[in-house]
Amino acid sequence: MITARTLGNGARLVVERLEAPRSAAIAWMVPAGSAGDPPGAQGEGASTVLAEMMLRGAGAQDARAHSEALDSLGIDRRTSASVHHIVLSATLLGSLIEEALPLLAPMVTAPRLEPKHLEPAKRLAIQAIDALDDEPQHLAMIRLVERFFPAPFNRSGLGDRAGIESLSIDAVRRAWRERCVPMGSVIAIAGAVDPDAVGRRLESLLRDWKGETPEPFETAPPAGGSQHVPSPSAQTHLAMGLWAPPESHPDSLRHRIAVRILGGETSSRLFTEVRERRGLCYSVGASASLGRDRGSTTIYAGSTPERAQTTLDQIRLEIRRLADG
C-alpha cells in the first residue's frame, strides 16, 4: 500500500510498505537541479558540484566521521543532479530506517560544504564531461536532449566545463541555501518500513527545515532540427526525439502503450523489423518520458556507418505504421 502526505514544512512524503523484502530504498528529491543553475560559464554545473559535495560531511560530522557512521549501518548512498532535482538515493535494511534518517537528513538540510572539498568535486565533474568522448551513445542522447527541449530544460545534469571551473565555494553554498528547500521536495521510501513511524521521524528531524524556491522557466525555444557529431568509431548511434503528451493529458496512458508496442521490448516492432528480420542494427528501442509539464518519446538505434541510413529509414517506416493499428 502506498501512503502520501505533506509534512509540516511542505515537503511531500510517499511511502510504500512492502512485506517481502527486508531492505528499504530512499529517493530524496530537492528542487536544485541543473535547470536552476546560472547559464553556461556563469555557473552551469553548480547543481552537479553541490550533489558531489553533499557526500562530504553533514551536520556536526566531517566527511570521514559521517561516512563511517553511514558505513556502520550498511547504508549504500549516492547523489546525482538531473534537470529538475538533486537526488539523494540510499538503500539499507528496513529495520535501520529510523537510525539512518538522522544521518541522511543533514546531507540535504545541513551539508558542510567545506572549501577544501570544492576542487576535488569540480575535478570529478569535469572528468565526467571528458568521459563522454569514450561514450558516444551517451553523447548522442545528450545532444538530442539539448535540441529537443527548451532551455534551460535541455541540460544534461553534467554541467558546463567553463561554468564548473568558475564556481566558488560561495556560489555552491548559495545554490544549496536558495534551492535545497522543502517546498517542491519529494521524499520517497519503499520497503520494510512503517509509514507512520517514518512520518513521525521526519516531522521531528525536518521541523526547522524551511523555504521555497521559484521554479525555472523557459528562456529559449527548442533548437530542433538534426545534428551530426563526428566520432572515430566503427559504430553509428542514432537518437530521435518525438513529441509526447504530459502525464496529465488524457492520452498519456495510450501513448505509453503505443510506445511499448513500437519499441519497448524484444517483441516490439522496432526490435522485430529493424534488428531481427533485417539485421540493420545491434540495438534499437523506444521509450516514453511523460513529465508534469512536457513529455518526450526517445528512439535509439546502434548501427554501422554503412547501415545507418537504412536503419533510420526503417525506423521512420515503423513509426508511420503505428497509425495502421
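This is a predicted model: local features need pLDDT of at least 70, side-chain atom pairs count only at pLDDT 80 or more; totals for chains, interfaces and linings use all residues.
1. Salt bridges overall. Side chains of opposite charge can pair when their charged atoms come close. In the whole structure, a search finds 22 salt bridges. One group of residues, R112, E114 and K116, is linked in a network of such bridges.

2. The pair D196 and R5. A salt bridge joins D196 to R5, and the closest N and O atoms are 3.3 Å apart. Because D196 lies in helix α8 (residues 195-205) and R5 in strand β1 (residues 2-6), the pair ties together parts that are 191 residues apart in sequence. D196 counts as partly exposed, at 46% relative accessibility. R5 is also partly exposed, with a relative accessible area of 28%.

3. The pair D37 and R179. Here the closest N and O atoms of the salt bridge between D37 and R179 are 2.7 Å apart. D37 lies in the loop between β3 (23-30) and α1 (46-53), and R179 in helix α7, so this bridge ties together parts that are 142 residues apart in sequence. Are these two residues, D37 and R179, buried or exposed? Both of them are buried.

4. The pair R278 and E273. R278 forms a salt bridge with E273, with 2.9 Å between the closest N and O atoms. R278 is partly exposed, its relative accessible area being 40%, whereas E273 counts as buried at 11% relative accessibility.

5. The side chain of R155 reaches the backbone oxygen of S34 at 2.5 Å. Not counting residues up to four places away in sequence, R155 touches S34, A35, D37, P38, P39, E44, V83 and V145.

6. The surroundings of S185. The loop between α7 (169-179) and β6 (186-191) holds S185. S185 counts as buried, at 1% relative accessibility. Which backbone oxygen does the side chain of S185 reach? It is that of V181, at 2.5 Å. With neighbours within four places in sequence left aside, S185 is in contact with A11, R12, M29, V30, P31 and W209.

7. The position of E178. Helix α7 contains E178, which is partly exposed with a relative accessible area of 45%. Residues up to four places away in sequence aside, E178 touches E212 and T213. E178 and E218 are 40 residues apart along the chain, and their C-alpha atoms are separated by 19 Å.

8. Cysteines. A disulfide is a covalent bond between the sulfur atoms of two cysteines. How many disulfides does a search of the whole structure find? The search finds 0. Among the cysteines, C180 counts as buried at 4% relative accessibility, and C281 counts as buried at 9%.

9. A nonpolar surface patch. L253, I257 and I261 form a nonpolar patch on the surface, and their accessible area together is about 290 Å². I261 is found in helix α9 (residues 252-263). At 42% relative accessibility, I261 counts as partly exposed.

Notes. Residues are numbered from 1 along each chain as its sequence is written. Side-chain values use heavy atoms; hydrogens and water are left out. Patches are made of residues with over 30% relative accessible area and no salt bridge: like charges are joined within 9 Å, nonpolar side chains (Val, Leu, Ile, Met, Phe, Trp, Tyr) within 5 Å. Accessible areas come from the Shrake-Rupley method with a 1.4 Å probe; for residues, only the protein chains shown count as cover. A salt bridge is a side-chain nitrogen of Lys or Arg within 4 Å of a carboxyl oxygen of Asp or Glu. Helices (H or I, at least four residues) and strands (E, at least two) are DSSP runs, numbered from the N terminus. Buried means under 20% relative accessible area, exposed over 50%, partly exposed in between (1.4 Å probe, protein chains only). A polar contact is a pair of N or O atoms within 3.5 Å; within protein, one must be able to donate a hydrogen and the other to accept it, and residues adjacent in sequence count only if both atoms are side-chain atoms. Contact means heavy atoms within 4.5 Å. A disulfide is a pair of cysteine sulfur atoms within 2.5 Å.
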